[in-house]
Structure formats: C-alpha cells, structure tokens
There are 2 protein chains.
Amino acid sequence: MSLLVVGSVAFDAVETPFGKVDRMLGGAASYFALAASHFATVRVVAIVGEDFSNKERAIFKGRKIDLSGVEQVAGKSFFWAGRYSQNMNERTTLATELNVFADFRPRLPASYGDSPYIFLGNIDPTLQRSVLTQVRRKPAMVGLDTMNYWIERTPAELRETLKQTQILMINDDETRQLTGEHNLLRAAKRVFAMGPQTLIIKRGEHGAMLVHDKFMFSIPAFPLEEVRDPTGAGDSFAGGFMGYLASIRRINEQTLRTAMVYGSVLGSFAVERFGVERLCGLRRREITARAKLFSKLTSFKL
Amino acid sequence: MSLLVVGSVAFDAVETPFGKVDRMLGGAASYFALAASHFATVRVVAIVGEDFSNKERAIFKGRKIDLSGVEQVAGKSFFWAGRYSQNMNERTTLATELNVFADFRPRLPASYGDSPYIFLGNIDPTLQRSVLTQVRRKPAMVGLDTMNYWIERTPAELRETLKQTQILMINDDETRQLTGEHNLLRAAKRVFAMGPQTLIIKRGEHGAMLVHDKFMFSIPAFPLEEVRDPTGAGDSFAGGFMGYLASIRRINEQTLRTAMVYGSVLGSFAVERFGVERLCGLRRREITARAKLFSKLTSFKL
C-alpha cells in the first residue's frame with residue numbers, strides 16, 4: 001500500500017573522520033523514501049529549488065518513489081552542513097540555509113489523496129497537520145517525527161497534531177523534553193495521553209524501543225565495524241519501519257515488532273556510507289540477510 | 001558447581017533522588033555473591049574490619065554463600081559514599097576510605113582450592129592473579145572486571161592477568177580505554193589478542209553486549225518504571241551471569257546467551273531498591289518470571 005511522507009529534500013555537506021562531501025542529496029524525506037521504497041510505494045511531499053537537477057531526480061528514479069508531490073520553485077534548495085566528532089558521538093551544525101524550505105506549504109497532488117500510511121517528517125507541526133486535512137480518507141496510520149525546536153517553540157500546535165497521530169517516533173532526549181519526565185516508561189504514558197498509542201524511542205547506537213499501551217519491544221543497534229556517516233540513520237529507521245508496515249497491511253503487535261527490526265536494519269545500512277549512497281545500492285536480499293543476523297544477535301533460550 | 005569471587009565487601013552511604021542511606025552493606029563481592037547465590041554456591045574472598053558484625057553476616061546467612069574466605073582484621077571496613085544526580089545518570093563519589101582494604105592480600109582457604117568458576121572482581125590486577133596461583137586445578141572459567149584506575153596505573157600487570165582470563169566484563173568506556181579503539185567490535189578483537197575469548201560490555205540503562213570470537217549477542221536493559229539506587233547493578237549482572245554458568249556446567253554459545261539474560265535480570269532487580277535489599281528478598285520464581293518477560297521484550301518473527 002502507498003506510503004506518503006512529508007519532509008525535507010535537501011543538499012548536505014558532511015564531514016566525518018572518514019571523509020568530507022561538499023554537496024550531496026540529503027534531507028529526511030530523501031532518506032525515508034529511499035529506505036521505505038524497498039517495501040512499498042512512497043509518495044513524497046517536499047519543496048526543492050532550481051538546483052534540484054536531473055542528477056538528483058535520477059537517484060529516486062527506477063524505484064517505487066513518486067515525486068509528483070515535490071514542488072520545484074525559484075531559489076535554492078534547503079542546505080545543511082555538519083561535522084561529526086572523531087568518535088561520531090557529537091555533531092556540530094555548520095550551516096542551515098532554509099532557502100525555499102522557509103516558505104514550504106505542503107500541497108498534495110490529487111493522486112496522493114487516498115494514502116493509507118502517512119509519515120509526517122520533522123517540520124512545523126502546523127504544516128504536518130495540513131497534510132492530514134488534504135487526504136480524502138482517514139489514514140490507516142499516521143507516524144510523526146519532531147524535534148526540540150518544535151517542542152519548545154510551538155508546543156500547542158504540536159499537541160494538536162499529536163491528537164491525530166498513532167505513532168510518535170523521536171529520540172530519548174525529545175521524549176523527556178516533550179513529557180517533562182525522565183523515566184521513559186512513565187514518559188510513554190504521558191505520550192499516550194496526548195494521542196499516540198505507540199511511542200518509538202530512537203536511541204542511535206543504543207538501539208530502539210517501542211512502548212505500546214499493551215506491550216514493549218526493545219532492540220539493540222546492529223553492531224557495525226565502520227560507521228562512516230550517521231546522517232539520516234533515524235530517517236532511514238522510520239522509512240524501514242513505515243515501509244514494512246505499509247507492505248504488510250496489518251498493524252498488530254507482531255507486525256510492529258517486525259517493523260522495528262526492519263527499521264533498525266535500514267538505519268544500520270544508511271550509516272555505512274556517506275549520504276544516501278548505501279541505501280541506493282541496497283538489494284532486498286541484503287535487507288533480508290541482515291534481518292536474519294538481527295535474529296541471531298538477539299536470540300536466546302531459557 | 002562452586003563459584004569463587006574475590007572483591008570488596010564494604011559499607012556504603014548512598015544518596016539518590018529516592019532517598020539516603022548512611023550506612024549499609026555494599027561492595028562488589030557482596031552484590032555479586034547475593035546475585036550468584038540464586039544459582040550456585042558462592043565462595044567469597046574478601047577482607048573486612050571489626051565493624052563487620054553479625055548483622056552483616058546475617059545478610060549472607062541461609063544462602064549458598066561461603067564466607068570462610070572473608071578475613072576479618074583490626075580496623076574499619078572499606079567505606080564508600082556516593083550521590084546520584086536527579087536523573088541517576090551521573091554519580092559523584094563523596095568518600096572512598098580504603099581502611100583494611102588497603103592491605104588486602106587474598107588468601108584462599110584450602111576448601112576453595114578446587115573452585116572451577118572464578119570471578120576476579122575489580123581490584124589490583126596483581127591481587128587478582130594471586131587468586132589464580134592459589135587454586136589447585138586449572139579453573140573451567142575465569143571472569144574479570146577492572147576499571148580505569150587499573151587500566152591507567154598498572155597496565156602491564158593487568159595485561160598479565162588478562163592472559164589467564166576467559167571473559168572480560170567491563171563497560172564501554174573501559175573497553176575503549178583499554179584498547180585505544182572507539183569502535184566496540186574492533187576493540188573486541190584487540191581484547192581477544194590479550195587473552196580473553198569473550199568480551200562482555202556492560203552498558204547500564206542501554207543493556208549489555210557479548211562479543212565472542214565466533215558470535216555476538218546483544219540485549220537491551222529491562223525497562224523499569226523506578227530505579228531507586230543504581231549501585232551494584234554491574235556486579236549483580238556479573239553475579240547472575242557467572243552464577244548461571246556455574247549452575248549449568250556447560251559453556252557454549254547457547255549457555256553464554258542465556259547467562260547474559262540472567263545477568264541482566266539480576267542487574268535489573270538490584271536497582272529497584274537501595275543497596276542489596278532487593279537481591280536479598282528475591283525469589284527464584286521472580287527471576288524466572290522476569291527472564292520470561294525479557295523473552296517477550298526482545299522477541300520477533302521475520
């Protein structure tokens with residue numbers, strides 16, 4: 001089934017101990033779409049400038065990715081530059097140039113109106129909600145990402161959008177900030193009171209945890225010998241997670257658990273190369289093989 | 001089978017956001033023994049002062065814990081005082097009074113000489129090694145804990161002891177410091193070159209990872225709504241891990257995986273109450289029940 005994502009399609013400059021790239025395709029929606037397209041057809045809603053060329057379009061081409069909701073306007077695309085510390089555990093933002101993204105007003109093509117699975121990437125909560133008003137049918141599932149900026153600046157708007165969200169997918173700091181509660185289980189209960197039935201806490205190198213009203217699931221990160229560029233890991237996780245659910249068409253405890261594994265698998269691949277490179281070259285059989293390795297990594301008998 | 005542990009038996013003063021205790025039984029060997037005694041008979045090698053009274057002996061009594069290797073001498077027992085931050089993620093040491101522990105020279109009673117499972121708690125590596133010279137038979141397995149102090153101050157002595165160690169059980173910072181390698185998988189290879197075939201990385205609230213020459217196992221921490229006192233979590237983990245292995249008498253991939261689960265279970269219980277309180281009141285059926293919850297927490301189907 002189709003999966004709609006709204007978010008940034010951007011250019012990134014990234015420096016890590018493994019190298020430096022001055023300009024490459026980035027943005028949450030790019031990582032999400034490339035990860036999710038291994039499972040389901042992804043409809044992208046985003047805005048780009050004149051610098052978004054055939055070279056970037058080619059990256060999405062030949063995949064189950066629909067760019068008809070990507071609006072191209074005069075000006076430059078969103079640009080982000082960042083540098084990772086020697087140990088990759090700290091990131092310094094060197095530049096954030098919103099450019100055409102500053103005036104982004106998501107507009108869904110008519111063909112997107114029936115999207116059953118929707119992922120609201122990390123943008124202004126009011127714009128996230130505007131996507132939901134444009135779909136014709138009540139979606140089967142709405143997932144949402146957000147960040148400290150929106151939690152601090154637009155708390156009332158975020159609360160309003162959360163009421164229409166089933167799955168909130170954020171990191172531990174954001175969970176604590178949003179709920180004012182340090183303990184993640186108690187924080188989850190507060191999130192449930194805001195609307196979502198499911199909280200997914202992304203913990204980077206420490207894995208991910210899903211807390212649902214009725215059950216919990218926790219998974220370590222897949223251990224890698226080389227992490228070249230952590231950018232986009234969380235967005236790739238979200239893409240793998242939502243993509244798997246959209247492909248399986250059933251949301252229950254078992255499919256949510258499996259979706260967490262595919263999310264972790266996609267996140268682990270994303271960081272192996274710079275930018276979206278690894279996600280682009282990825283084969284379905286590699287995904288399946290790594291999911292099996294995840295089983296081995298975590299399985300035990302009592 | 002019998003499990004020997006050498007380490008500290010001490011008094012602790014602990015302050016956490018949940019309360020304050022001025023003086024209670026503590027020390028790595030205490031936590032280890034109480035955790036492991038749910039699985040196997042534990043032989044303790046330690047030193048205490050005159051202040052170690054019948055009240056403290058009573059805590060160990062009626063359990064599978066042999067204190068005949070606990071030497072009592074004139075003076076005061078090791079005393080440690082610490083305070084945890086509001087979020088429990090930082091710990092400030094307020095006092096470390098070595099007292100009789102400063103002159104600790106482990107002496108094994110003759111009855112300990114055939115101990116097949118040995119855990120060398122975090123003490124001077126030379127003293128750790130002196131325990132191994134006192135056992136009459138080559139042990140089935142030697143586990144070892146250490147810390148930044150010994151890694152920095154006595155690196156050559158530590159290397160010598162590691163040569164006689166099968167399982168090294170430390171945290172991620174110590175792993176990185178010992179090996180000079182940030183990536184934990186590459187760090188594990190360096191550890192293997194030092195002697196141990198197995199590295200267990202304790203990650204506190206983020207769980208634990210086992211890296212063996214031939215396989216990996218990773219487990220999240222058991223999510224708790226209330227952590228009252230994190231002191232002794234790692235030692236209780238080690239006790240549960242080694243205790244289970246000593247009880248099962250077979251060391252292979254499957255038993256090592258299961259031991260990691262029991263280690264995590266014991267660690268999770270330890271932090272629910274102050275000091276050793278929860279470990280003392282713990283029943284075997286509670287351990288079994290939580291191990292089953294761990295299965296639910298981590299299980300998925302592809």
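Some ground rules. This is a predicted model, where local features need pLDDT of at least 70 and side-chain atom pairs count only at pLDDT 80 or more, while totals for chains, interfaces and linings use all residues. Residues are numbered from 1 along each chain as its sequence is written, chains are lettered from A and ligands numbered from 1 in the order in which they are written, and side-chain values use heavy atoms, with hydrogens and water left out.

Now, how do the chains meet? In total, 37 residues of chain B are in contact (heavy atoms within 4.5 Å) with 37 residues of chain A. Between them the chains bury about 3,400 Å², 53% of it on carbon and sulfur atoms; buried area is the accessible area (1.4 Å probe) that two parts lose on being put together, summed over both. On the chain B side, B:Glu225, B:Phe300 and B:Leu302 lose the most area to chain A, together 20% of what that side buries.

What about charges? The rule finds seven salt bridges across this interface, each a side-chain nitrogen of Lys or Arg within 4 Å of a carboxyl oxygen of Asp or Glu. A:Glu226 forms a salt bridge with B:Arg186, with the closest N and O atoms 4.0 Å apart.
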